[in-house]
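I opened the model to look up a few things and kept notes as I went. The entries are in the order in which I made them.

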Amino acid sequence: MLGLDKKDTTLMLVVAALALLAPFILNPFPEGSAMAQFNAGYPDLMQRFAIYGILAIGFNILFGLTGYLSFGHAAFLGVGSYSAVWMFKLLSYNVIPGIILSVIVAGLFSVVIGFISLRRSGIYFSILTLAFAQMSYNLAYSVLGNPSSNFNLTNGETGLQVYASDPQILASASAPEVPHLFGVAMRSSYQLEVGSWLFTFNAGYYLCAVILMLSFYVSVRIFRSPFGMMLRAVKSNQQRMNYTGLHTRPYTLAAFVISGMYAGLAGGLLSTMDPLAGAERMQWTASGEVVLMTILGGAGTLLGPVVGAGFIKYFENIFSKINEGVLHQWFGFLPDGMESAVIWVVEHFVGPGWHLTLGLLFMLVVTFLPGGLVQGGQHLWRLLAGKSRKEEHAKTETQSTPAE
Amino acid sequence: MSKTDVTRRGMLKTGAIAGAGVALPTIFTASSASAYTNEPTGSSVTLGFNVPQTGPYADEGADELRAYQLAVEHLNGEGDGGMMNTFSSKALKGNGILGKKVEYVTGDTQTKSDAARASAKSMIEKDGAIMITGGSSSGVAVAVQGLCQEAGVIFMAGLTHSNDTTGKDKKANGYRHFFNAYMSAAALAPVLEKLYGKERRAYHLTADYTWGWTQQESIQAATEAMGWQTVNNVLTPLAQTDFSSYIAPVINSGADVLVLNHYGGNMVNSLTNAVQFGLREKQVNGKNFEIVVPLYSELMAKGAGKNIAGIVGSQNWDWKLEDEGTKAFVQSFGTKYGFPPSQAAQTCYAQTLLYADAVERAGSFDPCAVGEALVAGDSSLPGISSDSNKGFLFDGLGNGQTLYRSADHQCFKDVLVVRGAENPSDEFHLVEIVEVTPVAQVWYEPDHPMFAGGELGQCNPGA
């Protein structure tokens, strides 16, 4: 289907199903129950899952295929966000121009950064991209963002936002005063009550989900194309390719720009869902987060980055909100002394301590599942499907597998 | 080969689908039957406390959270009632808000606009919070205020000192109890004149973000008006921890006053560096070299230790004040936590009570009705003749008589000028009150140039 082989079609269908049914999948616990704390099916988080999924898919095209580890993808995310908000400020709250411009601007930006950074490889490339991203962050945070100067491009720490006094030359009186797609406000939702369950279908989320599916499809096509093969070759031995007379830089630059555009798209969508672009989006921690997502999920796999993105965003938004009051509810059944002891321990891993939990998980994954969560999933699947290792061994032994 | 058969049945089907497509927007928007966002229907109501739990302002955030928890207890009729007993409005009965038990959710702003908005959004969308409050940075407060305006809930700002929060970024759904940079400057200038004279040359080090800029602008304007000169203004990155390279040039600049427009950890570090460089023992232009820290807090004084002795600044509130409200609040806060509250805690506690009281008086959680009750009214502060001197006048929340001004949703009250104690008796007495500047002296019109450019807009009930 659509130029995909059978296996990829299944994968594509799985992603589509996950994306479209997310409101059900992420809200497994009934409202008002103790477990409702762990529900993730509210618009903001679902949007974040999809958007950071797109970002990680794009990052994976660069990192997973060519092995070039960029520490500067947050810059493209930020540039995309700012572009989209500027479109809201100048044209109207319709999201289409914003999304398109964010991709274009991030593309141009990544051509410039990529052209310079790709002259080096390995750690030097990483440091160069990191330097560019930090530079962009500082420019956005103060140099280009002083509200009292004449040239206020980013509005500094406060973040770029839309004011009532902005021109919005294409705005029509009937359109809503929030980002919308031809009149459908991104924040509008339809709520479905089934028994004590509550499912929320949000317009903005479905826009993100559709774009996520498109992005995933494009990524699959790139992975399976001759171009993708070339990128893999760069990863395994760039020097050898150069010796054969092949100029690899155009390929790596193309991969860099594509992944930069993905990041720009994600940034544009972030602004579309919430029309305020903050400079923190460009900080090195944000760049590091993308790397974590990709590695946690499984670098170089198709599904891994999306899984990793979802995982990290879930921790950031759900675990960080478990406070002492909630813990007291959970452990209230314990005797007093024990209750406070247990809470004292658990407290360090939830709420503000969610970073610690994530760090531990990251260590476990990297140590025991070098292929990321996707590898863990495959192990699990094999166990469940009952396919014995022997069977598989027998299969692989008779087959000669092409080298990766 | 394609085949196109146009049948009556096919046409009907297509029509129905197209119709559904056109009707989609109305289905989506008309879904919520309630009159406003997160209308509480059960026996409880949820408030969202969005404070920094990690990052440079985590200490302030922790104290804010303590104050919120205390306020919730008092609203629900537990504890000793704190400032509810001294509050001039008697609408609160200690049975929750409008008879509904008060519950709360917490979130971490990380002192980042993005993270703060994400956290506030999840409170509104997932937990059904009817009001968001908190924040310990002006950038975050402005960002979250904008979000609350769009979502149609009330935002009660916590510790935010920038002029912009109720200036060019003001919003109809946002309310601020804390004072601002302009008020700090207006209160400080006369004291500085009295202490250090009219002929001074000031050197500014300013944190390079929204708050730092408005703070510096305000202080410069106020000090220049009384005759001081401004030698230089150097912007320092927020993440800076070592200020030696910024202090060294001050020594040879010919300046005799250093103004540190820094807050939190920034201020602790820059002040320590300045003292280490021997600035305080220096004589310039035949005068003693002085250091001024416009925005002060007990938490910062604790961090700076001995270096804070004798340094002048301003505060919104201090636990050593003698009025009934302050006493009651310090009493119940101290009983629960074992130490006196910071000014961040006081403003957050007051904001929670003010919100609850407005809901009681409005008889509804509808943000527009609540907003009306919060600031609308014809009462005015005595002694100030101005058309904008109108709003909701209250007393007993620790700052004396206070006006919630309807023109820009900013509270007007007395401002404290404080000084680091020379010989503090214990770690809770690091700051002593120099003067209580009367509100008339820090009053400004809503269209003052430092606050101009924004519009409140229309109150948004959401849904």
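The notes below go from chain A to the interface and then to chain B.

**Ground rules.** I am working with a predicted model, in which local features need pLDDT of at least 70, side-chain atom pairs count only at pLDDT 80 or more, and totals for chains, interfaces and linings use all residues. Residues are numbered from 1 along each chain as its sequence is written, while chains are lettered from A and ligands numbered from 1 in the order in which they are written.

**Chain A, overall.** I noted 16 helices and 6 strands in chain A; helices (H or I, at least four residues) and strands (E, at least two) are DSSP runs, numbered from the N terminus. The radius of gyration of chain A is 23 Å, close to the 22 Å that the globule rule gives for 404 residues, so chain A is as compact as a globular protein of that length. That radius is taken over C-alpha atoms, and the rule is 2.2 Å times the number of residues to the power 0.38. The C-alpha trace of chain A spans about 65 × 65 × 45 Å along its principal axes.

I then looked up burial, where a residue is buried if 20 or more other C-beta atoms lie within 10 Å of its own, exposed if 12 or fewer, and partly exposed in between, with C-beta atoms placed from the backbone. Of the 404 residues in chain A, 47% are buried. For contacts, the C-beta atoms of two residues, placed from the backbone, must lie within 7 Å. Among contacts in chain A between residues at least 6 apart in sequence, 72% join residues at least 24 apart.

**Chain A, domains.** The assignment for chain A gives domain 1 (6-300) and domain 2 (322-404); such bounds come from an automatic or database domain assignment. The C-alpha centres of these two domains of chain A lie 27 Å apart. I found 7 residues of domain 1 of chain A in contact with 9 residues of domain 2 of chain A. The domain 1 side of that contact has 4 nonpolar, 3 polar and no charged residues. Here Ala, Val, Leu, Ile, Met, Phe, Trp, Tyr, Cys and Pro count as nonpolar, Asp, Glu, Lys and Arg as charged, and the others, Gly among them, as polar.

**Chain A against chain B.** I found 33 residues of chain A in contact with 35 residues of chain B. On the chain A side, the elements that give two or more residues are α3 (43-66), β3 (184-185) and β4 (189-194). By class, that side divides into 11 nonpolar, 16 polar and 6 charged residues.

**Positive phi.** Most residues other than glycine have a negative phi, and I looked up two exceptions. Gln168(A) has a positive phi near 45 degrees and is found in the loop between β1 (160-161) and β2 (180-181) of chain A. Gln168(A) is partly exposed, with 19 other C-beta atoms within 10 Å. In chain B, Thr111(B) has a positive phi of about 55 degrees and sits in the loop between β2 (101-108) and α3 (113-125). Thr111(B) is buried, with 26 other C-beta atoms within 10 Å.

**Helix α11 of chain B.** This helix (residues 343-362) has 20 residues and reaches 28 Å from its first C-alpha to its last, close to the 28 Å expected at 1.5 Å a residue; the expected span is 1.5 Å times one less than the number of residues. Of the 20 residues of α11(B), 19 are buried, so the helix is largely enclosed by the rest of the structure. Gly363(B) follows α11(B) and has a positive phi near 75 degrees.

**A sheet in chain B.** I traced an open sheet of 3 strands in chain B, with the order β13-β14-β15 and antiparallel pairing; two strands pair if DSSP finds at least two bridges between them. The edge strands are β13 (391-394) and β15 (411-412). β13(B) and β14(B) pair over 4 bridges, and Leu393(B) has Leu403(B) as its bridge partner. β14(B) (residues 402-405) is joined to β15(B) by 2 bridges, with Cys411(B) as the bridge partner of Tyr404(B).

Which residues of β14(B) lie on each side? Thr402(B) and Tyr404(B) are on one side and Leu403(B) and Arg405(B) on the other, and all are buried. The hairpin of β14(B) and β15(B) has 5 residues between the strands, and in this hairpin His409(B) takes a positive phi near 60 degrees.
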